[in-house]
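Here is a colleague's note to read beside the model. Keep the viewer open and check each point as you go.

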Number of protein chains: 4
Amino acid sequence: MKKKFDVLPEIAKLGHVALVSNDLEKSLWFFEEVVGLEKTTEVDGVHYLRAWGDFEHHTLSIKAGPEPSVDHIAWKAKRPEDVNNFAILLRDAGVDVTEVVAGTETGQGDAIRFQLPSGHHFEIYYQMEKPKVTDPKLKSVLKNQPYKAWRKGISPRRFDHVNIATNAQASDIVDFLAENLGFKIREYIKAPDDQVVAAWMSVTALVHDIAVMSNPVFDTSHELHHISYWSDNAQDILRAADILRENGVHFVGPGKHGISQAMYVYATDPGSGVRLELFSNSYLILDPDWEPVEWSLEEMEIGFTYWGEQAAAGEDANTTINAGSPIEQAIK
Amino acid sequence: MKKKFDVLPEIAKLGHVALVSNDLEKSLWFFEEVVGLEKTTEVDGVHYLRAWGDFEHHTLSIKAGPEPSVDHIAWKAKRPEDVNNFAILLRDAGVDVTEVVAGTETGQGDAIRFQLPSGHHFEIYYQMEKPKVTDPKLKSVLKNQPYKAWRKGISPRRFDHVNIATNAQASDIVDFLAENLGFKIREYIKAPDDQVVAAWMSVTALVHDIAVMSNPVFDTSHELHHISYWSDNAQDILRAADILRENGVHFVGPGKHGISQAMYVYATDPGSGVRLELFSNSYLILDPDWEPVEWSLEEMEIGFTYWGEQAAAGEDANTTINAGSPIEQAIK
Amino acid sequence: MKKKFDVLPEIAKLGHVALVSNDLEKSLWFFEEVVGLEKTTEVDGVHYLRAWGDFEHHTLSIKAGPEPSVDHIAWKAKRPEDVNNFAILLRDAGVDVTEVVAGTETGQGDAIRFQLPSGHHFEIYYQMEKPKVTDPKLKSVLKNQPYKAWRKGISPRRFDHVNIATNAQASDIVDFLAENLGFKIREYIKAPDDQVVAAWMSVTALVHDIAVMSNPVFDTSHELHHISYWSDNAQDILRAADILRENGVHFVGPGKHGISQAMYVYATDPGSGVRLELFSNSYLILDPDWEPVEWSLEEMEIGFTYWGEQAAAGEDANTTINAGSPIEQAIK
Amino acid sequence: MKKKFDVLPEIAKLGHVALVSNDLEKSLWFFEEVVGLEKTTEVDGVHYLRAWGDFEHHTLSIKAGPEPSVDHIAWKAKRPEDVNNFAILLRDAGVDVTEVVAGTETGQGDAIRFQLPSGHHFEIYYQMEKPKVTDPKLKSVLKNQPYKAWRKGISPRRFDHVNIATNAQASDIVDFLAENLGFKIREYIKAPDDQVVAAWMSVTALVHDIAVMSNPVFDTSHELHHISYWSDNAQDILRAADILRENGVHFVGPGKHGISQAMYVYATDPGSGVRLELFSNSYLILDPDWEPVEWSLEEMEIGFTYWGEQAAAGEDANTTINAGSPIEQAIK
């Protein structure tokens with residue numbers, strides 16, 4: 001199969017997440033006023049948002065729908081031809097691939113969509129507008145920064161990662177991500193039966209562009225645990241906590257993870273119920289010979305939470321949202 | 001030339017800098033007690049140091065010598081075979097390449113050394129020990145972190161980048177780095193005569209693994225402007241300033257660069273005169289279609305210094321140290 | 001003289017500063033949008049502002065006028081009867097005292113006004129409204145905090161101190177503040193001729209509620225050097241620098257003073273030219289037996305600026321504004 | 001009674017706490033190496049410690065004993081004669097007062113000791129040495145700061161407050177503190193039966209120099225809930241959490257209180273079991289007409305913990321230490 005390409009197609013980075021909210025107004029208030037994302041544009045009821053340091057057209061889109069869900073999680077390919085090459089590669093692997101023509105999603109070129117074995121919906125694109133901000137009230141004075149920082153709300157710098165959940169085997173997802181999309185395992189949790197129950201994976205220098213967690217408490221095989229935006233400083237996370245509390249938004253934290261070494265607060269969008277991680281610090285993996293860090297469940301007292309407030313037991317099960325469609329492979 | 005390889009050799013990341021100090025004791029006091037680097041080992045008068053979050057054997061080595069200088073700047077290749085492939089590629093490009101057998105530098109496998117057209121000495125290696133810390137007083141309780149943080153001094157997390165200087169054309173270096181070593185220009189300054197006078201280049205997601213600055217005030221074509229260690233938070237840089245002032249170490253800053261968007265303090269090693277940048281924040285470039293950001297000299301008021309204290313005019317010229325040998329190509 | 005009172009009248013704290021701006025619109029943009037002060041009310045063209053953590057009706061008032069100036073600097077007395085007792089005490093000391101009836105200044109009870117020997121205008125009041133914020137969008141969820149923090153701009157917590165300047169003897173002012181108003185010297189600078197050329201004085205635990213600086217470069221004997229608002233964290237001052245730069249507001253810093261040990265940025269109101277210090281950290285003096293800390297001019301390299309950017313020489317002279325009327329005593 | 005004095009004696013500030021540890025070595029490791037307090041001196045087995053910004057001889061003393069306990073909590077009087085005047089005032093109020101001659105406690109002048117109705121042991125002194133640090137490795141370059149900051153461990157700036165607990169009525173303590181020692185209530189919790197169950201009280205601008213909490217779960221009427229040292233920045237508390245975790249010290253937090261608006265981490269001295277609060281931010285009360293802020297138990301969700309991790313229910317009961325002797329008045 002691999003001989004079809006001179007160079008295997010590659011994922012460059014996480015692009016965006018497309019959310020459906022059952023209370024659009026509240027979700028927009030949360031993401032625009034409390035979190036402080038900027039609106040690039042609104043087209044046909046889809047609101048395209050990004051953080052002040054996001055270069056591409058959008059890193060989050062939100063539209064109204066009867067049930068909160070994730071329409072898709074989008075990844076930017078490394079080269080223009082990689083979009084089509086991923087279609088070939090995935091179809092060869094027996095995956096059903098849909099083509100999404102340029103402009104279907106505002107700002108975006110030709111793309112493909114498909115489901116993981118778990119039923120999570122993924123999109124791969126290459127071409128995406130990088131709109132220049134022109135309004136001097138919004139535009140940064142720096143040429144390397146789209147918007148002014150600190151205009152409103154929490155004001156994180158950029159989109160960081162997604163965390164998906166499943167009530168099936170994590171390895172169904174982890175293996176798919178590794179074999180077909182080139183994600184490398186950076187850290188993972190192994191259960192006593194040698195099953196990988198959680199994995200932090202990336203194609204970039206980040207510890208994770210995506211994390212995968214399995215637990216029978218989750219409703220389906222294709223849940224979204226959280227999406228995450230990144231801030232420059234740990235203290236920005238403390239300021240985020242102040243802002244969330246004053247705005248009556250439910251959150252857990254602050255705390256610091258052992259795995260990933262990141263400061264966090266987990267806030268819940270009062271519109272859609274989506275969990276948003278405000279995130280800072282962490283570390284970079286620049287070594288090509290990185291050995292994945294293995295953790296046991298016994299080590300999770302420090303692995304999940306180095307210190308700080310963590311979610312109450314069972315809360316995870318109630319606060320994920322559906323991130324895909326039930327498909328045959330998902331429930332084995 | 002390129003057809004010799006299935007895959008072109010690639011640089012994965014900056015590895016280490018090998019310093020020569022004319023006052024070793026003072027340099028060790030500075031780097032170990034004030035900056036707070038950890039000593040992996042000392043062998044034959046070479047002191048191998050790293051930050052608490054550096055995984056490889058060393059990111060800085062220091063030995064005594066009559067004149068302060070940089071022995072070499074070392075880069076880790078992406079694959080084992082890349083070391084040899086770089087040797088082939090560089091020799092084809094007319095570069096004189098020396099082989100350095102495993103163990104010459106403690107912890108390091110086979111490597112090569114060569115000079116840039118400017119005379120700067122580079123090394124490329126792949127294999128490097130990643131020593132586990134075993135002393136419970138030093139070892140972090142986290143499996144993904146070598147040493148405890150905050151043991152002493154400033155305590156930065158990891159080695160970040162080097163900045164080299166030349167009194168010749170910057171393009172001599174920039175072109176070499178781009179064509180032979182695969183560095184991409186992320187931001188650069190263009191003079192009115194269309195010459196690139198400074199460039200920030202990387203092979204990683206960092207805005208720069210290496211920066212190149214040209215100015216006739218520099219003594220030679222092969223100077224080191226500074227090396228840099230990274231801290232997690234802007235406030236760590238303020239704490240660094242307190243520590244430097246209390247220890248009587250000369251420094252400039254704190255400030256924030258426009259280019260790279262990074263918080264900084266520049267401290268001078270009282271032993272060798274080497275300038276060390278304590279560095280935080282900045283941004284990541286994950287986009288494969290990044291367009292280098294061009295700055296003019298007129299924009300440097302905000303480009304060099306977004307805010308804060310900057311070096312007095314002319315200080316740069318006096319505070320670089322020699323980072324190579326005079327070679328024919330360097331002086332045109 | 002002192003026998004007139006069972007208990008000598010006392011100053012409890014700095015209350016507010018009343019500014020006159022020659023560009024009111026710009027000053028309001030600066031103080032409300034960039035600095036982020038809240039407007040309690042506007043009455044007869046006087047805009048009454050306070051920070052989110054200020055309990056009293058206003059800590060800054062601004063009105064339009066042909067020339068930027070300070071109408072008065074107001075101090076809250078410790079007891080209701082102290083306002084009148086200060087009138088008696090000051091008149092006994094030969095000071096001309098004017099009574100200001102309740103309501104002249106919105107929210108304020110009966111007060112007195114008078115000039116220092118330098119010509120600076122002071123006010124003493126006791127009664128001041130402490131308006132409860134009722135709008136749930138503005139009101140903090142905490143019962144001990146008037147407004148939500150972080151609503152807009154820099155968002156400092158509270159008014160902190162004033163710094164006044166004179167081209168006459170500092171001791172004219174310092175002695176008056178000590179003898180008549182009970183201010184204690186906390187730190188001071190002594191010139192080689194034994195003159196006190198600057199003093200940091202307080203009636204509270206702050207290192208200074210007021211500082212006094214003398215220098216022949218100042219235009220008159222009654223200048224305002226700066227007013228200052230306090231933020232909780234050093235990093236808030238870095239965030240302030242970002243916001244100021246993005247809004248095109250001139251500022252100096254960040255830096256850290258040796259005297260007072262405080263982080264600072266000095267911003268200039270583009271409307272009035274008033275200098276505003278954004279201020280954090282510093283220390284408290286709780287000891288009743290505090291010995292004033294004496295500094296010599298030679299020690300000012302570390303005394304004025306422990307580290308960071310400081311104002312260019314001579315800048316002080318150009319950026320103070322008039323804080324009083326020329327009076328006979330002022331020019332000796 | 002009050003006519004005996006021209007001026008009533010007054011407390012100026014909290015001075016120190018004298019601890020007894022049943023594992024002195026571990027307590028010294030905790031307070032000196034982990035917390036990073038400096039040792040002024042050791043005399044006759046009593047270790048006198050202070051933070052780098054504490055001006056007086058000691059703010060904590062520790063000696064060995066069979067049971068962990070608080071020997072006394074010491075307060076500095078405002079004037080030399082206040083020590084004796086407090087003795088007169090307290091004896092008139094029926095309190096048994098013991099005189100402690102100068103030198104009994106190293107560095108301290110004549111003092112008095114007595115018990116609260118609850119059995120807590122208090123000391124009042126005025127004269128205390130303020131030793132100058134002379135070792136250039138320890139001494140700050142600033143004239144207003146005793147030691148260099150950041151030498152080791154958490155490195156808080158200064159002693160801040162004590163929190164005492166009782167299984168009897170809080171009002172027994174609160175009324176005594178208000179009537180005899182001049183403490184003002186700044187914030188308090190009122191139970192449905194109108195009982196004050198907790199109060200934050202001060203003689204300084206701090207929200208509390210002392211807090212009092214009553215709960216039947218406490219063992220006796222005279223417990224110490226915690227002592228507290230203050231750091232300049234919220235991020236210093238996060239750094240403290242890192243250091244505590246790496247050193248295996250049990251702690252709760254970080255979090256932010258609603259009452260007092262302070263960032264905290266509560267660490268437990270592994271030697272004595274004393275709970276130490278690392279503390280930052282909070283607010284100052286400079287208004288002489290401050291109205292105590294009343295909270296109900298229903299408001300405690302936000303009052304105790306604005307956000308962050310709080311102690312598990314019941315933990316309080318197990319982690320206080322004895323701070324006095326059983327006395328008749330204490331158990332009613």
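1. Start with two helices of chain D. The axes of helix H2 (residues 82-92) and helix H3 (residues 170-181) of chain D come within 11 Å and cross at roughly 125 degrees. Helices here are DSSP runs of H or I with at least four residues, strands are E runs of at least two, and both are numbered from the N terminus. Axes are lines fitted to C-alpha atoms, for helices over the stretch in contact, and angles run from 0 to 180 degrees between N-to-C directions. H2(D) and H3(D) are therefore oblique to each other. The classes are roughly parallel under 35 degrees, roughly antiparallel over 145, roughly perpendicular from 65 to 115, and oblique for the rest.

2. Which residues of H2(D) and H3(D) meet? Phe86(D), Leu89(D) and Leu90(D) come from H2(D), and they meet Phe176(D), Asn180(D) and Leu181(D) of H3(D). Contact means heavy atoms within 4.5 Å. By class, this contact of H2(D) with H3(D) has five nonpolar residues, one polar and no charged. Nonpolar covers Ala, Val, Leu, Ile, Met, Phe, Trp, Tyr, Cys and Pro; charged covers Asp, Glu, Lys and Arg; the others, Gly among them, are polar.

3. A word on how to read this. The model is predicted: local features need pLDDT of at least 70, side-chain atom pairs count only at pLDDT 80 or more, and totals for chains, interfaces and linings use all residues. Residues are numbered from 1 along each chain as its sequence is written, chains are lettered from A and ligands numbered from 1 in the order in which they are written, and side-chain values use heavy atoms, leaving out hydrogens and water.

4. Now turn to chain A. Helix H2 (residues 82-92) and helix H3 (residues 170-181) of chain A have axes that come within 11 Å and cross at roughly 125 degrees. That makes H2(A) oblique to H3(A). Phe86(A), Leu89(A) and Leu90(A) in H2(A) meet Phe176(A), Asn180(A) and Leu181(A) in H3(A). The contact of H2(A) with H3(A) has five nonpolar, one polar and no charged residues.

5. Next, the pairing of chains.

6. Most residues other than glycine have a negative phi, and most peptide bonds are trans. Gly253(B) and Pro254(B) are joined by a cis peptide bond, with omega about 5 degrees. Pro254(B) sits in strand E14 (residues 251-256) of chain B. A cis peptide bond also joins Gly253(D) and Pro254(D), again with omega about 5 degrees.

7. Is Asp44(C) buried or exposed? At 76% relative accessibility, Asp44(C) counts as exposed. Buried means under 20% relative accessible area, exposed over 50%, and partly exposed in between (1.4 Å probe, protein chains only). Phi of Asp44(C) is positive, near 55 degrees. Asp44(C) lies in the loop between strand E2 (38-43) and strand E3 (46-50) of chain C.
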